[in-house]
Amino acid sequence: MKPVVDGLKQEYEGTVEFKLYDVEKSAEGADLASTFGAQFVPTFVFVNADGATSETIVGAVSEAKLRAALDKLK
Amino acid sequence: MTRRIAIVAALLALFAALAGCSGGPLPAAGNVSNADAQKVIDAGAVILDVRTPAEFQGGFIAEAQNIPVDELATSLSTLDKSKPVLVYCATGSRSVTAVQILKNAGFEKVYNLTAGIAGWAQEGLDVTTDQQVAAGGGEPTPSASGLPVMYEFYTDW
């Protein structure tokens, strides 16, 4: 997933903030994963600027699906 | 005679076509792979998630019913014995216990998803999330940047 996410991160720079956490190594990431109820990796959580969760995707996902979720963010 | 053979051949072809449309027979009851579990689901099985409610909220197979394994023995009346039941947990351990409880109660078509939902998700199969319940644990505050955020939680295996 990394090359896809890295590419999207560059593309959406200034529009969407990307926060990527290795839950095995990052205590903050593990806490956040718990807050979002993420039980599996990878899990993607899309949060609007007002803090409301827009969408959650669990498991392997296509670039198109990620892009669609990113484009829905407000 | 030739005409009779032609009619029999046509009937056989019709039966073969009908069998193909129905997706074939159900796998034998017992342990099933993700692919066979999908066949069982497509056949209209009850999907039973025997993990805890907290685990369930984190993601589940669409249309799954959550009855934690500890509560299964006292909740059997809510399940339809005439339907096949696909049981899963996180990794295929608790579901073995649940399958035994169901069999002891007289359920015949019971399937255990051996890889659990972890293996299911690893294969990229659909896992849905009850966002309203999951978000109840604490809605995050808006990001300091004022931008929408995409979080990715991953690990290097």
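Which residues in α5(B) are buried? The legends below answer this and describe other close-up views.

The model is predicted, so local features need pLDDT of at least 70 and side-chain atom pairs count only at pLDDT 80 or more, while totals for chains, interfaces and linings use all residues. Residues are numbered from 1 along each chain as its sequence is written, and chains are lettered from A and ligands numbered from 1 in the order in which they are written.

**View 1. The buried side of helix α5 of chain B.** Arg94(B), Ser95(B), Ala98(B), Val99(B) and Leu102(B) are buried in α5(B) (20 or more other C-beta atoms lie within 10 Å of the residue's own, with C-beta atoms placed from the backbone). Because they cover an arc of only 140 degrees around the axis, they lie on the same side of α5(B); the arc is that of the directions from the helix axis to the C-beta atoms. An α-helix has 3.6 residues a turn, so residues three or four places apart point the same way. Just after α5(B), Gly106(B) has a positive phi of about 100 degrees.

**View 2. Helix α5 and the strands of chain B.** Helix α5 (residues 94–104) lies across β2, β4 (85–88) and β5 (110–113) of chain B, at about 175 degrees to β5(B). Axes are lines fitted to C-alpha atoms, for helices over the stretch in contact, and angles run from 0 to 180 degrees between N-to-C directions. Helices (H or I, at least four residues) and strands (E, at least two) are DSSP runs, numbered from the N terminus.

**View 3. The open sheet of chain B.** Five strands follow the order β1-β5-β4-β2-β3 in chain B, with parallel pairing; two strands pair if DSSP finds at least two bridges between them. The edge strands, β1 (30–32) and β3 (65–66) of chain B, each pair on one side only. Two bridges join β2 (residues 46–49) of chain B to β3(B), and Asp49(B) has Asn66(B) as its bridge partner.

**View 4. The contact between chains A and B.** Chain A gives 41 residues to the contact and chain B gives 31 residues (two residues are in contact if their C-beta atoms, placed from the backbone, lie within 7 Å). On the side of chain A that touches chain B, β1(A) gives the most, with six residues.

**View 5. Strands paired across the two chains.** Strand β2(A) runs antiparallel to β6 (residues 149–154) of chain B, and five bridges join them. Here Phe44(A) has Glu152(B) as its bridge partner.

Conventions. A residue is buried if 20 or more other C-beta atoms lie within 10 Å of its own, exposed if 12 or fewer, and partly exposed in between; C-beta atoms are placed from the backbone.
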